[in-house]
Amino acid sequence: MFADKLKFIRGYVKVRLTGYAPERFLNLCSNRDILIWNLEYRDEHYEFCISLPGFRQLKPILRKTKTRLIILQRFGLPFWLHKYRKRKIFFSGILLCAGALYVMSLFIWNIQVEGNQHRTDSTIIKFLEEHQVYHGVPKSKLDCAALEELLRSQYDDVIWASVKIQGTRLVIDIQENLAANQEAAKEKEDSPSDLIAEKDAKIYSIFTRSGTPYVEKGSEVAKGDILVEGKLPIKNDAGEIVNYQYCAADADILGITGYEYSDSFSLDYQDKVFTGNVKKSYQLGLFQKLISLPFGKNSFDHCDKITTEFPLRIGESFYLPIVFYKEEAKEYVLQDKTYTKQEAEALARNKLAEFCEKLEQKGVQILKNSVIIVTEEKHCTAKGTITVMEPIGSRQAAGRAELPQEGQETDESDGNNN
């Protein structure tokens, strides 16, 4: 492959050899290290290819062997340049294009983030933009080591960061300390805390592992009531509380509660009917600006659009500030339709089933469904209560209790003595 490219750059010709001693000619070329290839014998003469520099060395050999060469074809860059030597605008365009590519290679046109799990690419890119790192920033203004330190200092869970420039692409590779995040979450969970009711409910079951339970099976609780307190009283021999031991309340608490469900929709609706007409339009993104190209615009009143992005790049890492967008519009017309009673009730049941499925995905057990579907003249309404059993304890920081001071009177009857 490389040899073929080198032959094209140097130029070569295909020739026909005739004369008295062609074999002697070939031997002399071999002795003088003149390369020939694709040698063929045809109709009492030879045809072969030879490079342009080698062709220039053949004059004394031709004279000595009394042979003659006829040029059949010319190949390569020298002949191509000679053919178009008068097209000055064409070559000026090539030089201008090369200069433009060189100038664009001095900037960053693509930012790629890798290794992030907790934070999205857009979050990190927005943070970089706040520190003057953006699409189109000159490479000369980037300090990769400083950016690495900036990322590590900004995000506590980032234990390693690598910033490197590849062509016109800035590659940011970070590694998050997942173990530290899990440990921090565990420390927060293990800190002194109470379990409180998230909503009004009736306690179905409670199994306490740590803390002091305030409710029992069958208890009615309101939102915000303490279910399990994260402190245990420490008493002396006289049964007096002398201190508290604080802990993270831990219990499995199931409560019976209800979700109010309500949904209503009109029986009259508009349905999309696609006509099969499709039009494609194109846009050009140039230096972060969007330019609509004049051809392919659609005039549909109603259509669905699908846009595909094609960033322009040379190779894997030489991105250019040019992006092509292809937009495909599929025309549809709106037709007025009316649900039948059966269709409306089926649709309402499907919506209710989706709602119940989302509850079950959260670990909620549905005990009773009291939703009633009513189809009237113009509307279909689904309304009622879904009775469920679900975990109801949520965590909040435990409050600190004050202990009686030494010598302080705690008997309220003593305060009534005169």
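**Cores and rings**

Mentor: Start with the largest nonpolar core, which has 20 residues. Leu-128, Leu-151, Leu-170 and Ile-172 touch the most other members. Keep in mind that this is a predicted model.

Trainee: Which helices and strands each supply at least two residues of this core?

Mentor: They are strands S5 (110-114), S6 (158-166) and S7 (169-176), with helices H7 (121-130) and H8 (144-154). H7 gives the largest share, four residues.

Trainee: What is the general idea behind a core?

Mentor: In soluble globular proteins, nonpolar side chains tend to be buried together. Take Leu-151 here: among the residues it touches are Phe-127, Val-163 and Ile-174. A second, separate core has 15 residues, including Val-13 and Leu-26.

Trainee: How is a pair of aromatic rings described?

Mentor: By the distance of the centres and the angle of the planes. The whole structure holds ten aromatic pairs. In one of them, Tyr-261 and Phe-355 are tilted, at 5.1 Å centre to centre and 55° between the planes. Tyr-261 is in strand S15 and Phe-355 in helix H10, so the pair ties together parts 94 residues apart in sequence.

Trainee: Is Tyr-261 buried or exposed?

Mentor: Buried, at 8% relative accessible area. Phe-355 is partly exposed, at 27%.

Trainee: Why is the pair of Phe-265 and Tyr-339 called edge-to-face?

Mentor: Because the planes are at 80°, and over 60 counts as edge-to-face. The centres are 6.0 Å apart. Phe-265 is in strand S15, and Tyr-339 is in the loop between strand S19 and H10.

Methods. Residues numbered from 1 in each chain as written. Predicted model: local features only at pLDDT ≥ 70, side-chain atom pairs only at ≥ 80, totals over all residues. Heavy atoms only, no water. Core = buried A, V, L, I, M, F, W, Y, C linked by side-chain atoms within 4.5 Å. Buried < 20%, exposed > 50% of the residue type's maximum accessible area, 1.4 Å probe, protein only. Contact = heavy atoms within 4.5 Å. Phe/Tyr/Trp six-rings, centres within 6.5 Å; stacked < 30°, edge-to-face > 60°. Lists of a residue's contacts leave out its neighbours within four places in sequence.
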